[in-house]
Amino acid sequence: MHIREGGTFGLAAALLLLMLGGLPGSLRAQTDCAEGNGILDMSLPKNMTAQELIQKFTAEESKIKQARTHYSYTQDVLVQTLSGQAVDGQYHQIASVSYDDKGRRLENVTFAEQSTLRGVQLTQEDMDDIHIYMPWMLTTEELPQYNLTYAGQQHVDDLDTYVFHVEPKKEEKNQRYFQGRVWVDNHDLQIVKLCGKSVPDVVHVKKHQPMDIRPTFVSYRQVVDGNWLPAYTRVDDTLHFQTEAIHLREIVKFTGYKRAGTGAIAAKP
């Protein structure tokens with residue numbers, strides 16, 4: 001997301017970075033990664049090593065990613081800018097999403113209102129966040145790109161989970177990655193929650209080149225036909241630029257999952 005044309009751009013930014021638990025409260029993003037979490041138990045997994053656990057759950061994630069291509073669903077995207085607690089701009093779009101027989105994503109917009117967002121405008125990277133990183137799946141194929149650090153075990157809502165820090169090993173040019181934390185159900189060995197952002201941000205820019213920085217989001221999944229599929233994402237973050245800060249709120253819903261030849265199945269947060 002970058003500053004709208006006519007606003008302040010081409011500036012060296014003081015960017016608020018995501019450091020899960022590592023920054024003073026006054027500097028943390030507003031998106032609440034800890035909501036619904038119990039106390040973190042740092043004990044190791046039973047009956048397997050952390051590395052074996054990683055291999056198992058990324059294999060399950062590969063299956064989930066493939067399974068999702070056999071569904072159609074509704075994608076509802078609401079993005080708002082705020083002044084204090086009041087909404088001063090909004091973008092809202094609803095689309096029907098499906099996949100062709102080669103697994104390629106197809107999108108049919110069924111509702112779209114004129115954007116009135118103040119100070120920022122959506123970029124292709126924002127769309128990638130919605131399509132790829134908010135519903136992100138850490139598959140066996142993507143695993144070599146990331147460093148995973150086992151953090152412990154944690155009760156999340158009514159689930160018992162394993163927790164991992166995730167960060168890219170190396171940021172290749174023109175490539176984007178997820179950075180943050182994932183919670184893996186200890187029974188199904190599938191990701192049920194993730195909190196973080198896509199990286200890298202474009203901060204050090206040339207004159208007249210807009211900065212492009214990403215908000216922190218928290219995403220949840222819902223069981224659909226025995227699979228944990230993306231259901232709901234929330235953003236409440238402030239994007240800090242040198243001369244101004246933009247308060248941003250987003251809600252993205254993935255609902256009405258319908259497998260070929262079956263009725264719709266609701267996925268709710």
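Helices (H or I, at least four residues) and strands (E, at least two) are DSSP runs, numbered from the N terminus. The model is predicted, and local features need pLDDT of at least 70, side-chain atom pairs count only at pLDDT 80 or more, while totals for chains, interfaces and linings use all residues. Residues are numbered from 1 along each chain as its sequence is written, and side-chain values use heavy atoms, with hydrogens and water left out.

View 1. Threonine 139 is placed in the loop between α2 (124-133) and β6 (146-156). Its relative accessible area is 3%, so threonine 139 is buried. Buried means under 20% relative accessible area, exposed over 50%, and partly exposed in between (1.4 Å probe, protein chains only). Leaving aside residues up to four places away in sequence, threonine 139 touches Thr58, Glu61, Ser62 and Lys65; a contact means heavy atoms within 4.5 Å.

**View 2. Helix α1.** Helix α1 (residues 50-68) has 19 residues. From its first C-alpha to its last, α1 reaches 27 Å, close to the 27 Å expected at 1.5 Å a residue. The expected span is 1.5 Å times one less than the number of residues in the helix. Among the buried residues of α1 are Phe57, Thr58, Glu61 and Ser62.

**View 3. Two aromatic pairs.** A search of the whole structure gives ten aromatic pairs. Rings of Phe, Tyr and Trp (its six-membered ring) pair if their centres lie within 6.5 Å; planes under 30 degrees apart count as stacked, over 60 as edge-to-face and the rest as tilted. The ring centres of tyrosine 73 and tyrosine 257 are 5.1 Å apart and the planes are at 40°, so this pair is tilted. Tyrosine 73 belongs to strand β2 (residues 71-83) and tyrosine 257 to strand β12 (residues 245-259), so the pair ties together parts that are 184 residues apart in sequence. Both tyrosine 73 and tyrosine 257 are buried. Tryptophan 136 and phenylalanine 178 form a stacked pair, with 4.6 Å centre to centre and 20° between the planes. Tryptophan 136 is in the loop between α2 and β6, and phenylalanine 178 is in strand β8 (residues 177-185), so parts 42 residues apart in sequence are tied together.

**View 4. Charges over rings.** The charged end of arginine 68 sits over the ring of phenylalanine 254, 5.2 Å from its centre. Lysine 193 lies over the face of tryptophan 183, at 4.6 Å from the ring centre. The criterion is NZ of Lys or CZ of Arg within 6 Å of the ring centre and within 35 degrees of the ring normal.

**View 5. Nonpolar cores.** The largest nonpolar core has 50 residues, and those with the most contacts inside it include Phe57, Trp136, Phe164 and Phe178. Its largest share, five residues, comes from β12. Apart from this core lies another, of 13 residues, among them Cys33, Val163, Trp183 and Tyr220. A nonpolar core is a set of buried Ala, Val, Leu, Ile, Met, Phe, Trp, Tyr and Cys residues joined through side-chain atoms within 4.5 Å.

View 6. Strand β10 (residues 217-224) and β11 pair in the antiparallel sense over seven bridges; two strands pair if DSSP finds at least two bridges between them. Tyrosine 220 stands opposite tyrosine 232 in β11. The hairpin of β10 and β11 has two residues between the strands, and there aspartate 225 takes a positive phi near 55°. β11 also pairs with β12 in the antiparallel sense, over nine bridges. In strand β11 (residues 227-240), eleven of the 14 residues are buried.
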